[in-house]
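Here is my note on the model. The points run from the overall layout to single residues.

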Amino acid sequence: LPPWGAGGRVEVLGGVLVRQSLSEGAATALSTSYAVIAVPQVPNKIQLGAIFGKIDTIASSAAAITYYLAADAAGDHAVSAESTVTIVTGKTTATDGGFAEAIDVPWSAPSWGTAGTLYVVAKTNTGTCNLTPGITWRGN
């Protein structure tokens, strides 16, 4: 989780009141085929900060996640580039891990998207794991 936790915080940046928070999706099983994970409670007209992934049940040598963000539940309308991130495995449990990557792009839901929801479309390079995605954002 980001330093302010899932509850969010409000601060003044450059004289403007800015809200910062984290929106999370549900744990979803991944394989080498794309899965679509809804991340609800993403407001309109904000700045996306980063994507975090809590990973567990890593099996059969899964070592990387390829993902992109989409505006629709089918994952057909990408709103980010595709990215591949290495799974950082846990210090004490090799079948747990995570990743984090900066996004840092403005977000306004398109008319053909789902208002209030972004979708993480993700798959593993090999094997399987469970992914719980989180997206940080800031806006007023």
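1. Terms first. Helices (H or I, at least four residues) and strands (E, at least two) are DSSP runs, numbered from the N terminus. Thr-117 is placed in strand β10, residues 117–124.

2. Basis. This is a predicted model, in which local features need pLDDT of at least 70 and side-chain atom pairs count only at pLDDT 80 or more, while totals for chains, interfaces and linings use all residues. Residues are numbered from 1 along each chain as its sequence is written, and side-chain values use heavy atoms, with hydrogens and water left out.

3. Overall layout. The protein chain has eleven strands and zero helices. Of its 140 residues, 41% are buried. Buried means under 20% relative accessible area, exposed over 50%, and partly exposed in between (1.4 Å probe, protein chains only). The chain exposes about 7000 Å², with carbon and sulfur atoms supplying 53% of that area. Accessible areas come from the Shrake-Rupley method with a 1.4 Å probe; for residues, only the protein chains shown count as cover.

4. Contact means heavy atoms within 4.5 Å. Take the contacts between residues at least 6 apart in sequence: 72% of them join residues at least 24 apart.

5. The open sheet. Four strands form it, in the order β4-β10-β6-β7, with antiparallel pairing. β4 (35–40) and β7 (83–86) stand at the edges with a single partner strand each, so one side of each has no neighbour in the sheet. From one strand to the next, the twist averages 30 degrees. For that angle, axes are lines fitted to C-alpha atoms (for helices, over the stretch in contact), and angles run from 0 to 180 degrees between N-to-C directions.

6. Pairing of β6 and β10. Two strands pair if DSSP finds at least two bridges between them. β6 and β10 are antiparallel and share six bridges. Tyr-67 has Ala-122 of β10 as its bridge partner.

7. Pairings of β11. Ten bridges join β11 to β5, and the two run antiparallel. Ala-59 has Thr-128 as its bridge partner in β11. Strand β3 (residues 28–30) also pairs with β11 in the antiparallel sense, over three bridges. There, Thr-28 stands opposite Leu-131. β11 is mostly covered, with nine of its twelve residues buried.

8. The core. A nonpolar core is a set of buried Ala, Val, Leu, Ile, Met, Phe, Trp, Tyr and Cys residues joined through side-chain atoms within 4.5 Å. The largest one has 27 residues, and Leu-48, Ile-65, Val-120 and Ile-135 touch the most other members. At least two residues each come from β4, β5 (46–59), β6, β9 (97–107), β10 and β11 (128–139). β5 gives the largest share, five residues. In soluble globular proteins, nonpolar side chains tend to be buried together.

9. Ile-65. This residue lies in β6, residues 64–70. Its relative accessible area is 0%, so Ile-65 is buried. Beyond four places in sequence, its contacts include Leu-30, Val-85, Phe-99 and Cys-129. Ile-55 is ten residues away in sequence, and the C-alpha atoms of Ile-65 and Ile-55 are 10.0 Å apart.

10. Ile-135. Which residues does Ile-135 touch, not counting those up to four places away in sequence? Among them are Leu-22, Val-39, Leu-48, Leu-69, Ile-103 and Val-120.

11. Thr-117 counts as buried because its relative accessibility is 13%. Leaving out residues up to four places away, Thr-117 touches Ala-38, Val-39, Pro-40 and Val-42. Thr-124 is also in β10, and is buried at 3%. A polar atom of the Thr-124 side chain lies 2.9 Å from the backbone oxygen of Gly-127. The backbone oxygen of Thr-126 lies 3.3 Å from a polar atom of that side chain. A polar contact is a pair of N or O atoms within 3.5 Å; within protein, one must be able to donate a hydrogen and the other to accept it, and residues adjacent in sequence count only if both atoms are side-chain atoms.

12. Asn-44. Where does Asn-44 lie? Asn-44 sits in the loop between β4 and β5. Is Asn-44 buried or partly exposed? Its relative accessible area is 40%, so Asn-44 is partly exposed. Its side chain reaches the backbone nitrogen of Ala-109 at 2.5 Å. Pro-106 is 62 residues away along the chain, with 9.5 Å between the C-alpha atoms of Asn-44 and Pro-106.
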